[in-house]
Amino acid sequence: MNKIFFILFGLISCLAVSQETTNKPLLLPAGSSLQGSSLAAYELDSAYVYRKVDSIITTGIKNNAFPGAQMLIAKEGNIIFHEAYGFHTYDSIQPVALNDIYDLASVTKILGPLPAIMKLVDEGKLDLDVPFSTYWKPWKRQKDKANITLREILAHQAGLEPYVVFLNETLKNNGRFKKRFIRRKPNNRFSNQAFEGIYVKNRFHRKMYKIINRSEVSAEKKYKYSGLTFLIFPELITQITGVPYADYMEQEFYKPLGMKTFGFLPSTKNFNNKIVPTEVDTMYRHTLTQGWVHDENASLLGGISGNAGLFGTADDLAIIMQMFMQNGLYAGKQYISEKTIKEFIKVQYPENDNRRGLGFDKPYLDNNTFKIANAYPVPEVGASSFGHSGFTGTFVWADPENELVYIFLSNRVYPTRENRNIYNLNIRPSIQQIFYKALDNAKQHQP
């Protein structure tokens with residue numbers, strides 16, 4: 001077994017900063033933009049933080065939880081920790097860099113369609129409590145869906161099926177593509193590129209919508225996670241705004257927020273940043289997936305979807321999570337109203353043992369009473385905190401009570417999605433907890 005190395009970018013400089021006795025002012029104007037800072041500025045024990053993080057990450061790499069990872073922590077709008085570890089793959093050739101671009105998987109749900117939906121709620125173009133069929137007309141003809149509200153959908157309280165494997169619709173029994181849906185070369189009817197040498201029929205999305213429209217709904221109204229409507233939200237957003245979904249997100253959020261690499265289809269954009277690979281796909285693409293969305297359903301939509309498909313850097317993610325945490329205000333611009341943000345990050349159906357907000361994931365109910373092994377994400381997070389995880393090994397969390405943003409990026413699906421040690425070793429929560437403990441220790445040592 002090859003010896004595992006990890007890379008700690010900026011460690012020396014950060015330790016040097018920790019020796020400084022002068023701290024720069026930390027209080028930022030309300031709704032300001034993120035700025036660089038340090039652990040020392042908050043009188044945090046740098047040696048403790050690095051020792052703990054290094055130990056957890058090294059254990060993760062040695063146990064094939066991921067070949068590399070990075071994390072970013074922002075406190076009160078100050079980035080106090082941003083480090084990269086390991087490599088893109090286990091061959092230890094390409095070190096992880098701080099500006100690497102990651103496939104964000106289901107984190108897309110809260111950073112793609114959700115901001116658009118919030119904005120449309122602000123503008124009175126969507127109502128959370130009228131039937132969703134008011135906007136998505138095919139559901140008017142479906143008895144079990146006609147009266148489901150957008151609130152129920154976003155809180156995963158609607159009883160919708162969790163997932164449909166649309167890839168099965170495109171494959172023959174021998175695993176080859178059905179030519180009526182997939183071609184190796186583009187033409188007028190097959191211009192939706194899913195991957196190199198894979199082009200999907202332009203109208204295939206209609207087949208997907210039809211299957212979603214006819215999917216079963218549970219009669220019992222209880223928490224049941226479903227990503228199905230996130231496949232149709234982009235089309236709905238396009239219909240309401242008159243602007244293609246990806247363009248709308250770019251114009252209304254990503255570009256004005258200053259998110260440099262954030263968006264869909266990064267392999268078409270000639271970024272200088274390296275894109276971290278995901279899985280060595282043995283079923284669909286039959287090669288390493290890199291620069292193209294890992295999720296098959298998003299891929300069949302040409303890589304632009306609401307359930308997955310977004311790529312970005314840790315810096316990009318920190319910006320939009322900070323905007324959410326600052327109640328929709330960032331760098332002096334109000335992107336979403338405070339009222340709407342507060343409604344979306346609120347637990348919607350606690351009486352049904354459902355922890356979810358609207359689109360956002362939330363801590364377990366009574367989370368602060370649990371040990372870390374049974375908590376989600378960690379017992380120390382505030383009850384108002386929110387975020388989301390991604391299948392590829394990504395995780396974002398914002399905690400308004402503690403004014404803390406936590407970004408964790410990895411490619412745990414390399415070389416296969418069967419690698420589950422990121423969960424088994426509780427890596428992401430264990431690292432998140434380090435910063436709460438460090439802040440608590442600093443507080444206790446204050447005169």
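This is a predicted model: local features need pLDDT of at least 70, side-chain atom pairs count only at pLDDT 80 or more; totals for chains, interfaces and linings use all residues.
**View 1**

**View 2. Overall fold and dimensions.** The protein chain is built with 14 helices and 13 strands. Its radius of gyration is 22 Å, close to the 22 Å that the globule rule gives for 447 residues, so the chain is as compact as a globular protein of that length. Along the principal axes, the C-alpha atoms fill a box of roughly 65 × 50 × 40 Å. Among contacts between residues at least 6 apart in sequence, 63% join residues that are at least 24 apart.

**View 3. The largest nonpolar core.** Buried residues make up 56% of the 447 residues in the chain, and the largest nonpolar core contains 92 residues. Within this core, the residues that touch the most other members are Leu 111, Leu 154, Phe 233, Met 321, Phe 324, Phe 344 and Ile 407. Helix H11, which spans residues 314-325, gives the most to this core, contributing nine residues.

**View 4. Surroundings of Leu 154.** When neighbours within four places in sequence are left aside, Leu 154 is in contact with Leu 114, Ile 117, Leu 128, Phe 230, Phe 233, Phe 344, Gly 357, Leu 358 and Gly 359.

Conventions. Residues are numbered from 1 along each chain as its sequence is written. Side-chain values use heavy atoms; hydrogens and water are left out. Helices (H or I, at least four residues) and strands (E, at least two) are DSSP runs, numbered from the N terminus. The radius of gyration is taken over C-alpha atoms; the globule rule is 2.2 Å times the number of residues to the power 0.38. Buried means under 20% relative accessible area, exposed over 50%, partly exposed in between (1.4 Å probe, protein chains only). Contact means heavy atoms within 4.5 Å. A nonpolar core is a set of buried Ala, Val, Leu, Ile, Met, Phe, Trp, Tyr and Cys residues joined through side-chain atoms within 4.5 Å.
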